[in-house]
Amino acid sequence: MKNIKYLVLGVLFGIILTKSEVISWFRIQEMFRFQAFHMYGVIGSAIVVGIISIQLIKRNHLKTINGEEIKLADKQYNHGTWIGGFIFGLGWALTGACPGPLFAQLGSGVAAAAVMILAALAGTWTYSALREKLPM
């Protein structure tokens, strides 16, 4: 029962995704065809909120719920980043679904989302199995 708050937050997040139409296959296709600003506005807003949040965390030395300081380490660039991003974007364009909204799509009655969830899990498992063999 102590984790019920996470379930409630997840349900609220799903409602927000649904009401803002970011789980809509039509909206995602509009974005990839450069026909509407809707999704770019949502993604751009998320980037701005993320940048501000990270700066607040770094400047104010914020702590976790357990009292530990949040440390954000710099990441080194590698070619796998753009290759993985390309594969991710291709899957997103083909299915009309990003991994985040998949569960909201399933919850709103889009049965095909179950297949996409299984494919996302298979892709994650494949990456974990091949990670040590991939070039940096």
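In the lining of the second largest pocket, α3 (38–60) gives the most residues, namely five. Helices (H or I, at least four residues) are DSSP runs numbered from the N terminus. The model is predicted, so that local features need pLDDT of at least 70 and side-chain atom pairs count only at pLDDT 80 or more, while totals for chains, interfaces and linings use all residues. Residues are numbered from 1 along each chain as its sequence is written, and side-chain values use heavy atoms, with hydrogens and water left out.

A pocket is an open set of points on a 1 Å grid over the protein atoms alone, where a 1.4 Å probe fits, with protein on both sides within 12 Å along at least five of seven lines; lining residues have an atom within 4 Å of a point. At least two lining residues each come from α1 (4–19), α3 and α5. By class, 12 are nonpolar, two polar and none charged, where Ala, Val, Leu, Ile, Met, Phe, Trp, Tyr, Cys and Pro count as nonpolar, Asp, Glu, Lys and Arg as charged, and the others, Gly among them, as polar.

The largest pocket holds about 1000 Å³ of space. Of its 28 lining residues, Gly 84, Ile 87, Phe 88, Gly 123 and Tyr 127 lie nearest the centre. Two or more residues are given by each of α4 (79–95), α5 (99–107) and α6 (112–130), and α4 provides the largest share, 11 residues. This lining divides into 16 nonpolar, 11 polar and one charged residue.

Terms used. Grid points are joined across faces, edges and corners, and a volume is the space filled by probe spheres set on the points.
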